[in-house]
Amino acid sequence: MSRSGPSCPACGSANVVDDDLYCQAQLVCVDCGSVVSEGALTNESVYVGGSDVGYSRTTAVDKKPCVNLIKGGHHVIAMCRILRVNREIEDLSQLYHSQAYQHKSFIRVTLRKKEFLAGCCVLASCRLRQWPVTIGTISCLLDADLVEVGAVYQELVKILNIEPPTFNIYDVIEAHSREYKISSLHVAEELVENHKDLTKRAVELVELAADTWIVTGRQPVPVMMAAIYLSWQSLKPNRHRLKLSLDKFCQLAKVKKQKPAANRVTEMKEVLWKLGKEIPWLRETLTPDNVIAQVEDILKHRFALLRRALRAREEALLAESVAGCEAPPPRPLEFSDQNPVERRQPSAEGTRAPGDEVDQPRAGDMLPGGALESNWGARALFAPPCVVHAKRRRVEQPELRDVTGDEEISDSEIESYIRTPREARDFARTQKLLLE
């Protein structure tokens, strides 16, 4: 296998051969054994495997699409089939996905974020074509956090310069109400309800819940489920519907119950009860349990009832404040020598013994300036949930100093332990004897 051309730089011999024994081809001098030159580490003709060069830096970009781009396209198609959208939305979703995937903001990100991108493209296409789909539905399909999907969606809209319209709450609730199997094909005649009437009543209840802070910071699906349930009961408030609880209603309608929906039902009934008490022609005693029969009148006049209820609440608070200002001052404490244990005299410093029980504000109810922190949500007729159920603030405890026993005791601290006139006289008499 001798060949003319290269010569050995060590001995000058021209007897140089190709050594193909190993995976790395090289030229070797037969006379002295020196390696004249080394070949390429890999050769496409003899080596089949991966490459250390990134896909985006190779020429394969122009020849065939990326594997993750193909998978993302399949995810887009799968979500469109699950949501049963039309062909136009499916094609638009694929177009947005192919455009956004090539952008520098999504080309070098994690695979999880690329999955979010596929779902956000479907969401943007549905909103542009007025298809009622919420971001919570997309998050459920992706099994992802709502905040993370929302961040990717905002980035997608900004990159592609899309202006999706805001969704209509009526369409969303209508789509949600159709999941409840309460037609004549599924339930008895006294339990059947039309989806259009059910949607109209549920939208009014959701709007009332939004006006009274029930929707604030809450998940939308439990709120809609509570509105659907109360609407179904109030449209025909017969004994068959009123005796069914939320759990039995979900079993009847063949839907999965959301755990917070029961709390939303209770909150909505309480709001309806507060407004129902302001109905002037209502003679019977109204409670949150029997308010369902008055839902139609409450929703019909809800704005007037809201103004009337808020005005009545303000007048009641004003009357309480006036009554508090006119209250007589508390009587001063009387002290005597007959019972020195139960009746104690405060010292000049205003201190008290550890056993004394004096009504003082807790540290958690104090503001940094020293004023009392009042929970205005407890006084307001309607308030946000975070105010009504406010969490107690954690108070930092002061650091305890090391006590050695050599500290000096001030006179004021000594006097703080002297509470009765008898003890004061005994202490003065003792001090006089010591001075003598």
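Predicted model: local features only at pLDDT ≥ 70, side-chain atom pairs only at ≥ 80, totals over all residues.
**Entry 1: cysteines**

I began by looking for disulfides, and the count came to zero. I checked Cys11 next: it is in no disulfide, and its nearest cysteine sulfur, that of Cys29, is 3.7 Å away. A note to myself on the idea: a disulfide is a covalent bond between the sulfur atoms of two cysteines.

Cys11 is partly exposed, with a relative accessible area of 42%. Cys29 counts as buried, at 2% relative accessibility.

**Entry 2: aromatic rings**

How many aromatic pairs does a search of the whole structure find? I got three. I started with Tyr180 and Phe249, whose ring centres are 5.8 Å apart with planes at 25°, so I wrote this pair down as stacked. The pair links distant parts of the chain, 69 residues apart. Tyr180 sits in the loop between helix H7 (169-177) and helix H8 (195-211), while Phe249 is in helix H11 (residues 246-253).

Then I turned to Tyr229, which also pairs with Phe249. Here the centres are 5.5 Å apart and the planes make 50°, and the pair is tilted. Tyr229 belongs to helix H9 (residues 220-235) and Phe249 to helix H11, so this pair ties together parts that are 20 residues apart in sequence.

Are these residues buried or exposed? Tyr180 and Phe249 are both buried, and for Phe249 I noted 0% relative accessibility. Tyr229 is buried too, with a relative accessible area of 5%. Putting the rings together, I found one aromatic cluster formed by Tyr180, Tyr229, Trp232 and Phe249.

**Entry 3: Leu92**

I found Leu92 in helix H2 (residues 87-101). Leu92 is buried, with a relative accessible area of 11%. What does Leu92 touch, leaving aside its neighbours within four places in sequence? My list reads Ser125, Leu128 and Arg129. For Arg129 I looked up the spacing as well: Leu92 and Arg129 are 37 residues apart in sequence, and their C-alpha atoms are 9.6 Å apart in space.

**Entry 4: a surface patch**

I traced Phe427 to helix H18 (residues 421-435). Phe427 is partly exposed, with a relative accessible area of 38%.

Definitions and conventions: Residues numbered from 1 in each chain as written. Heavy atoms only, no water. Helix = DSSP H or I, 4+ residues; strand = E, 2+ residues; numbered from the N terminus. Buried < 20%, exposed > 50% of the residue type's maximum accessible area, 1.4 Å probe, protein only. Contact = heavy atoms within 4.5 Å. Disulfide = S-S within 2.5 Å. Phe/Tyr/Trp six-rings, centres within 6.5 Å; stacked < 30°, edge-to-face > 60°.
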